[in-house]
Amino acid sequence: MIRKLKFILPVFFIALGLIPVCVNQSIALNQTAPSPVTQQTVNAQPLILYSLSDQTLNQPATKIPYYIKGDIHYFTKSQLDSHKTGGHSPWKDDPFLTVETIATNLIPNLPKDKYGNILMNVKTDNKNQIATYENGTIIKKISDNKKNALVQIIVPNFGTYDITLVSPKDAAGIYFIKEIRLTRIFQDMK
């Protein structure tokens with residue numbers, strides 16, 4: 001009996017997957033006149049591309065993963081101490097500048113040099129913390145309360161990234177990306 005279920009269940013689920021395709025094809029074949037095609041933007045459910053748990057963020061800062069352009073790094077104690085004394089990367093304690101510096105790998109089709117630096121003109125309004133790229137991509141800070149922040153990357157005809165950042169208690173004011181959530185935009189043909 002168990003062997004039969006092992007075979008029947010996959011066949012059952014495959015059949016369920018095929019039924020909507022067959023129904024849609026039969027409907028399409030029965031239409032007499034083509035309907036006019038219109039485009040409508042449809043947002044899909046958000047996808048979580050990267051996430052750190054609260055438990056991970058409560059560890060010492062040297063054990064918390066630090067997202068940099070798709071890779072994970074860890075700070076050493078000396079790097080954290082250097083940042084406390086005015087180290088060479090002051091952008092790490094500003095959520096907007098952090099996203100603008102370490103999350104641009106999320107933007108498709110940005111020309112980059114061999115070091116991964118973006119080769120596009122960017123108009124930056126530091127007062128309002130908005131950056132606009134040549135291709136229409138916008139990075140903007142939505143909220144910031146000194147421990148948590150939300151920054152968005154809006155990519156035309158692609159989607160919006162909501163990037164949540166946190167500054168853990170012993171991280172010397174450095175913002176870590178806690179979550180990257182993508183809401184894609186799809187063109188619905190009707």
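Guide: Two strands pair if DSSP finds at least two bridges between them. Helices (H or I, at least four residues) and strands (E, at least two) are DSSP runs, numbered from the N terminus. This is a predicted model, in which local features need pLDDT of at least 70 and side-chain atom pairs count only at pLDDT 80 or more, whereas totals for chains, interfaces and linings use all residues. Residues are numbered from 1 along each chain as its sequence is written, and side-chain values use heavy atoms, with hydrogens and water left out.

Visitor: Over which residues does pLDDT stay under 50?

Guide: pLDDT is the predictor's confidence in each residue, from 0 to 100. The protein chain averages 77, and 68% of the residues score at least 70. Where pLDDT is low, the predicted coordinates should not be read in detail. With contact meaning heavy atoms within 4.5 Å, the model has 10 contacts beyond four places in sequence for the stretch where pLDDT stays under 50, residues 1-39.

Visitor: Which residue takes a positive phi in the hairpin of β8 and β9?

Guide: Strand β8 and strand β9 (residues 159-166) run antiparallel and are joined by eight bridges. Within β9, T160 is the bridge partner of I154, and L165 is that of A149. Three residues lie between the strands of this hairpin, and the one with a positive phi near 60 degrees is N157.

Visitor: Is N157 buried or exposed?

Guide: Buried means under 20% relative accessible area, exposed over 50% and partly exposed in between (1.4 Å probe, protein chains only). N157 lies in the loop between β8 and β9 and is not a glycine, despite its positive phi. Because its relative accessibility is 68%, N157 counts as exposed.

Visitor: How many bridges pair β7 with β8?

Guide: Strand β7 (residues 138-144) pairs with strand β8 (residues 148-155) in the antiparallel sense. S143 stands opposite L150 in β8, and in the hairpin, with three residues between the strands, K146 takes a positive phi near 75 degrees. The number of bridges between β7 and β8 is six.

Visitor: Why is β9 largely enclosed by the rest of the structure?

Guide: The burial of its residues gives the reason, as β9 has eight residues. The strand is largely enclosed because the number of these that are buried is six.

Visitor: What is the relative accessibility of K69?

Guide: K69 is placed in the loop between β3 (66-68) and β4 (71-73). Its phi is near 50 degrees, a positive value in a residue other than glycine. K69 counts as partly exposed because its relative accessibility is 32%.

Visitor: How far apart in space are A131 and F96, C-alpha to C-alpha?

Guide: A131 is placed in strand β6 (residues 130-133) and is buried, with a relative accessible area of 0%. Not counting residues up to four places away in sequence, A131 touches several residues, including F96, E100, V122 and I139. A131 and F96 are 35 residues apart in sequence, and their C-alpha separation is 9.2 Å.

Visitor: Which residues does H83 touch, not counting residues up to four places away in sequence?

Guide: H83 lies in helix α3 (residues 77-84). Because its relative accessibility is 12%, H83 counts as buried. With that sequence limit, the residues touched by H83 are S89, P90, K92, D93, A172 and I174.
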